[in-house]
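Here is a short report on the inner spaces and ring pairs of one protein model. Keep the structure in view as you read.

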Amino acid sequence: MIRPQAPEKSAYHSAFDAMERNGQSKTPPWLRDIKRQAMDRFSELGFPVARRDNEEWKYTDVAPIAHTQFNIPTSTPSLTSSEIEAFTLGEGRWRTLVFVDGFYSKKLSSVVNVPSGVIVSDLAEALGTQNDLLREHLTRHAGYEHQAFTSINTALVNHGALVYVHENLSLPHPIHCLFINSGRQPDSLSNPRVLVVTGKDSKAMVIESHVGLYGGRYFSNAVSEVVVGAGSSVQHYRLQRHSLGAYHVGTTQVELGENASFHSVTLDLGGALVRNNLNVVIASEGSSCTLNGVYIASGTQHIDNQVIIDHAKPHTTSRELYKGVLGGKSRAVFHGSIIVRPGAQKVDARQEDKNLLLSPQAEAFTKPAFWIYADDVKCGHGAASGQLDKDALFYLQSRGLSQDVARHLLIQGFIGEVIDSIAHDEFKKSASEMVTERLMVELMESKVTELRQ
């Protein structure tokens, strides 16, 4: 008996079949095989909508994504530079790759004067010139075998960002990968893809922006693979400013070589339903990672961060610090896992998640998990949720500040530690301004809610 396929599931198959027909001649055989395998795997997995015995998705219901028939745009809307100006960074000095509704926009991008030994390119274009590099790394690190959303992205991978830095090179400015959802096509689906590879003893900074232009409901299903070479350093910043009707699932898979370092800050300032998967494999001795994040939610927003750090080798270090500001009936989830493999002695790992609840209806779920199979390690975690300190609020107001300004200062102080961890001063300033703007909206909404009560 053939089981009838769910309409929403068959839609992805239809999109895949159409993409195969249209792009078959441009896709190399090795990638064509992987895409087919990923599509087949998604057929077997389906969406993780089951709630019972589904620990990985226990607190995040993806039924709204599974039950919506999203459409993959077939053409790129014509946008102007002025329309996307609010989302650009670096005042034109940074190399920027711009993607609109899943398509690379050469007109809006700026990748001129790239130093020798550095590749900054659209993936689709690079398939014709960097086949060996892509064959070695693309789809090889973010496994699709057990992850439905990664399997969809892999099956439908088309345009995306490629950043490669040859050994002994340091990029003077960040590379900005800007993924825009125009909102002009209702219920659209995009599958942003990023591949970052650094050679031995090199340095790079990559900023991913995932944004919505005009609002509405859409689904952004992003996958990034970051391969940090021996002795090299990568700063990776992820900025999410989707519309408040958008769904976003983002997966970032990182692999560290010997004595390598990876520093990440994730800022979640938008989206209706957001799930971030950040998986780091510390595959060689002497390596370290720092993973920080801020999430600000209001209304009925749901933001879920799942972070897994796999210490596969001894003498490795990891630090995590996530902070959330939650108002309205919003909900946040933080699930942090640390794995210490057998023989991985002298691992030093620390994980913290703290939440500031601005409303009695807001909820925060924190779940630390440790799997430690070595005996000479130092691992710890901390978690806390609370409200604004009334004494501190009273003190600031007694010094002449209004209640709004006093609340704003206390919230900024709470999340300031994460913002300060951004190592690039210019981007730190931009990030701080975005956070301030988002907090102002949150405080205004909180005030309206209080007046209604």
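Strands E15 and E17 (331-340) each give at least two residues to the lining of the second largest cavity. Strands, like helices, are DSSP runs numbered from the N terminus (a helix is H or I with at least four residues, a strand is E with at least two). A cavity is a set of points on a 1 Å grid over the protein atoms alone where a 1.4 Å probe fits but cannot get out, and lining residues have an atom within 4 Å of a point.

This is a predicted model: local features need pLDDT of at least 70, side-chain atom pairs count only at pLDDT 80 or more, and totals for chains, interfaces and linings use all residues. Residues are numbered from 1 along each chain as its sequence is written, and side-chain values use heavy atoms, with hydrogens and water left out.

**Confidence**

pLDDT is the predictor's confidence in each residue, from 0 to 100. The protein chain averages 93, and 96% of the residues score at least 70. Over residues 1-5 the pLDDT is below 50. Where pLDDT is low, the predicted coordinates should not be read in detail.

**Cavities**

The whole structure holds three cavities of 30 Å³ or more. A volume is the space filled by probe spheres set on the grid points, which are joined across faces, edges and corners. The largest cavity has about 90 Å³. Thirteen residues are not all listed here, but the closest to its centre are Arg238, Thr252, Thr266, Asn276 and Leu278. The second largest cavity has about 70 Å³. Its lining includes Trp57, Arg275, Asp304 and His335.

**Aromatic pairs**

Rings of Phe, Tyr and Trp (its six-membered ring) pair if their centres lie within 6.5 Å; planes under 30 degrees apart count as stacked, over 60 as edge-to-face and the rest as tilted. The count is 13 aromatic pairs. Phe42 and Phe47 are edge-to-face, at 5.2 Å centre to centre and 75° between the planes. Both are buried (under 20% relative accessible area with a 1.4 Å probe, protein chains only; exposed is over 50%, partly exposed in between). Tyr237 and Phe427 are tilted, because their planes meet at 40°.

Note on methods
On a 1 Å grid over the protein atoms alone, a cavity is a set of points where a 1.4 Å probe fits but cannot get out, and a pocket is an open set with protein on both sides within 12 Å along at least five of seven lines; lining residues have an atom within 4 Å of a point. Contact means heavy atoms within 4.5 Å.
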